[in-house]
Amino acid sequence: MNDNKRPDDMARITTVELAEKFIAAEVEKVQKQVGDRKVLLALSGGVDSSVVAALLIKAIGKNLYCVHVNHGLMRKGESEQVIEVFQNQLDANLTYVDATDRYLDKLAGIDEPEQKRKIIGAEFIRIFEEEARKFEGIEFLAQGTIYPDIIESDGVKAHHNVGGLPEDMQFELVEPVKLLYKDEVRVVGKALGLPDDMVYRQPFPGPGLGVRCLGAITRDRLEALRESDAILREEFAKNGLEGKVWQYFTVVPDFKTTGVKDGKRSYDWPCIIRAVNSSDAMTATIEEIPYALLHHITARITSEVKGINRVLLDLTPKPTGTIEWE
């Protein structure tokens with residue numbers, strides 16, 4: 001049988017009981033494949049890599065070496081959560097790399113979206129290679145490949161696949177969730193004891209906030225974006241929209257508007273709210289947010305976030321608009 005083809009009789013993992021059976025089987029497979037050798041994993045903090053990390057910790061413990069690269073484009077509190085869950089709670093071998101300055105220096109003055117994406121992706125490969133070379137005896141590379149990645153791209157996800165590593169660093173792959181769909185990965189994550197806000201994390205682009213801080217990224221505008229996004233997520237959670245809306249975030253463009261703050265004329269950025277529902281990301285509809293909640297979010301963002309004086313709502317479905325702005 002093709003190892004990358006899901007068996008026709010494979011039961012959908014919909015319950016904790018089925019997830020526990022899957023975990024037990026994969027732990028045995030990993031132990032057989034790896035033995036007492038070492039495995040390296042790029043741990044982004046996303047659903048797929050987090051579930052793989054938790055599963056491999058269960059299978060091989062300290063022989064899993066995780067590397068989390070904070071490129072400075074994470075949402076508020078995300079890197080801290082990776083450290084808390086994997087280092088403090090699960091006692092993982094975790095290397096944390098704060099590469100914020102390195103990334104933002106590389107991105108300074110770059111306003112073309114595709115160029116920004118290439119810089120962010122290429123820099124990750126370089127940093128991951130640097131960190132990987134510090135470890136001795138690594139023979140395996142774990143990846144959070146899931147089944148739609150195989151179906152859609154005949155391969156693996158770009159933000160998990162460290163495919164740009166030099167030829168002298170060719171590892172054998174360990175991909176324990178490669179036959180699972182995203183909803184099944186979440187059930188497995190729950191069974192492994194990962195926190196809900198990690199298991200049910202909404203989709204987040206590989207370049208992170210880099211494609212939501214429109215145009216050339218500046219540190220002050222990036223911070224305004226991060227804070228406004230945190231307020232939106234907090235209010236959606238408090239008002240029952242966290243599990244109802246597929247994806248929601250803020251965008252801060254690279255232009256300013258006149259306004260009035262604290263009784264004085266201001267010249268600050270607008271903040272754009274985007275909230276969409278989708279099943280496959282090919283099309284998306286707009287979530288109708290209650291106006292009372294929108295007013296409350298607007299008041300919080302304009303009063304609490306430095307540099308923002310307007311809040312706008314994006315009502316464009318896909319098509320014609322894409323989900324992300326860049």
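These are my notebook entries on one predicted protein model.

**Ground rules.** I number residues from 1 along each chain as its sequence is written, and my side-chain values use heavy atoms, with hydrogens and water left out. As this is a predicted model, local features need pLDDT of at least 70 and side-chain atom pairs count only at pLDDT 80 or more, while totals for chains, interfaces and linings use all residues.

**Entry 1: the overall build.** I began with the secondary structure and found 10 helices and 10 strands in the protein chain. Here helices (H or I, at least four residues) and strands (E, at least two) are DSSP runs, numbered from the N terminus. Next I looked up the radius of gyration, which is taken over C-alpha atoms. It is 21 Å, close to the 20 Å that the globule rule gives for 326 residues, so the chain is as compact as a globular protein of that length. The globule rule is 2.2 Å times the number of residues to the power 0.38. Along its principal axes, the C-alpha trace spans about 70 × 40 × 35 Å.

Entry 2: How many of the 326 residues count as buried? I noted 52%. Buried means under 20% relative accessible area, exposed means over 50%, and partly exposed is in between (1.4 Å probe, protein chains only). The accessible surface of the chain comes to about 15800 Å², and 50% of this belongs to carbon and sulfur atoms. These areas come from the Shrake-Rupley method with a 1.4 Å probe; for residues, only the protein chains shown count as cover.

I also checked contacts, meaning heavy atoms within 4.5 Å. Among those between residues at least 6 apart in sequence, 75% join residues at least 24 apart.

**Entry 3: cysteines.** A disulfide is a covalent bond between the sulfur atoms of two cysteines. With the cut-off for a pair of cysteine sulfur atoms set at within 2.5 Å, I found zero disulfides in the structure. Cys271 is buried, with a relative accessible area of 0%. I read 0% for Cys66 too, so Cys66 is buried.

Entry 4: I found a cis peptide bond from Lys318 to Pro319, with omega near -15°. Another cis bond joins Pro319 and Thr320, with omega about 20°. Pro319 sits in the segment after strand 10 (308-313), and Thr320 lies in the segment after strand 10 as well.

Then I turned to positive phi angles. Asp91 is not a glycine, yet its phi is positive, at about 55°. I located Asp91 in the loop between helix 3 (78-89) and strand 3 (93-98), where it is partly exposed at 48% relative accessibility. Asp262 also has a positive phi of about 55° without being a glycine. Its place is the loop between strand 7 (257-261) and strand 8 (264-277). Is Asp262 buried or exposed? Asp262 is exposed, with a relative accessible area of 79%.

**Entry 5: a look at Lys190.** I found Lys190 in helix 7 (residues 182-191), partly exposed at 38% relative accessibility. Which residues does Lys190 contact, leaving aside its neighbours within four places in sequence? I listed Asp196, Val199 and Tyr200. Val47 is 143 residues from Lys190 along the chain, and their C-alpha atoms are separated by 11 Å.
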